[in-house]
Amino acid sequence: MRSDANRTNDGSSVLQPSIENAPLALERTCPIHLIPDELLLAVIQLVVERKSPVQDLTKLTLVCRRWKAVIDGTPAVWSYITATEPLPCIKRAIDLVQDAPIDLEYNDDEAKYAVEVFLQAAASRMAQWRSVVLLVSSYGVWSLGPLEEKLPPNLEKLHITRHRAILMNRTYTLFKGQPAPGTLRDIRLHFVPIVVTPLFLSESIATLELDGLVAVSVEEILRILQACPSLRSLELGLLELSAPAPSVLERYPEIQLPRLEHFKVRLLEDSLTRVLLRTIQMPNVRTIILPIQVQHNDERMLDFLAGSADSMTSAIHRIISTANSFEIWFEERKFIVEAGGLTVRWITDGLSLERVQEVVHGLFGHLGDKSKRLPTAIGIVNCVKPVEWMVWLDSVFDVTALFLRQVIGHPDKLLDLLSSPLMEVNHPENRDHRSNRWLFPSLAEIYLYTAWPKHVSKVAEMVRRRGLLSEFVAPESVRPRIRELRVDQYPYGDWKNSRVPEELGYLKEIHSAMDIYLNGRRMP
């Protein structure tokens, strides 16, 4: 057999290329083999698919001896386990993860087996569970297995969500009724019939979301919140609760949440919402989202928001005071106000202008003239508000953007109002005399989402007139120029024989400095 070692002049030997040692030579000279193990692991983790981490890692161990040693010898790379992989893959990950924290994820749409089978396959390492994220079926009866029977002592995140809020014949008790582990920071339960009564959370909880649970009372909600003073994010929704007894409110006059930054309620009874707003003290909150349902002429919730003596109102005023812009949306049966981190949604069969003015004054009145100096976006979705609504908004806010989502309904009156200066009331010379003032004089952006080409024609004409007509009607006024126009077609609209591109192109010729977008593409 030929020797691969040749002698040099100084007597040392060198390895010569041959068929037998070619892989070894390649391993020593290939650039990927020269990088440190830490960098190699970073590269490997970039190419591993989230749906098949164990299978991908197993394939990569076959590349060479070094890759196999690095991957198999790094427990952390095996810590993410998903139910999209076969059970033998889970067993392999459990064997190689050693003492590293484990993250479990189950999605019923993609899983190859039931959720209890998945959890049971990882139960031998339950002490290492760091996070459990479960998206479970809305139908049938299933079990949470180990989560019902034992307490994972080092669990930091628990998310359990059902696809839909469909009634089930059974309920679930977590951790066998024991207090949650002190390590738990993030718990989100959505539409799962978890029995809350024995759910004892620790003061370490930072994120809490309870949505669509069963067997919940106002007292239990208040008890849970009082036990979580470190909360930073709180969301509550679809909880069927009866009005609390006076004795309950006496036991919980105030709940201090000094670290809370995000607060959201969704489809709660107004009675519970009022209790929460009056009870929870959140001096550092940055985001408040309040959907309010006004039914049967019961507008006490609006009375509450229009008030000014409550701690929650003070928090709302503080958020509004730091806002850089406002958004006001009108939808069919809805009225939405957004300011900085505040979002208030009214779901109603119809509010009068006078009622909306009262609440808006309660929310923004403390700003004085500041509300007129901050840019405001007005959104109108499938509804047409009377002219007096728009004139009132113009007197309170500085409207700089207009969003029109008109799949049904026709905003002709509003567009006519925007197309020329306002009529001057009681002018001595002419009853129809036009003033120098335009509606929304600072309007610079328009977004139109519609099924009807004629809406595009109407908007294009309005933009053209605002840019040109002011020179003749009111030469001393500031010309209300539109800087950006975006037009998107509703998917089921028939634009086949329309002249929308030509009309927008002509508008671009007249106003060359304007940015015009059609279905997301900027027109040249």
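This report describes selected strands, one tryptophan and the cysteines of a predicted model.

**Parallel strands**

Strand β18, residues 398-406, takes part in two of the pairings described here. With strand β17 (residues 375-381) it pairs in the parallel sense, over 7 bridges. Within this pairing, A377 lies opposite A401 of β18.

**Surroundings of W329**

W329 belongs to strand β14, which spans residues 326-331. Its contacts, leaving aside residues up to four places away in sequence, are K334, F335, I336, G379, I380, V381, F403 and R405. Between W329 and L402 the C-alpha to C-alpha distance is 9.8 Å, although 73 residues separate them in sequence.

**Burial and cysteines**

| Residue | Relative accessibility | Class |
|---|---|---|
| C64 | 16% | buried |
| C228 | 0% | buried |
| W329 | 16% | buried |

W329 counts as buried because its relative accessibility of 16% falls under the 20% limit. The cysteine C64 is likewise classed as buried, at 16%, and C228 is buried at 0%. How many disulfides does the model contain? The count is 0 disulfides, where a disulfide requires a pair of cysteine sulfur atoms within 2.5 Å.

Definitions and conventions:
Residues numbered from 1 in each chain as written. Predicted model: local features only at pLDDT ≥ 70, side-chain atom pairs only at ≥ 80, totals over all residues. Heavy atoms only, no water. Buried < 20%, exposed > 50% of the residue type's maximum accessible area, 1.4 Å probe, protein only. Pairing = 2+ DSSP bridges. Helix = DSSP H or I, 4+ residues; strand = E, 2+ residues; numbered from the N terminus. Contact = heavy atoms within 4.5 Å.
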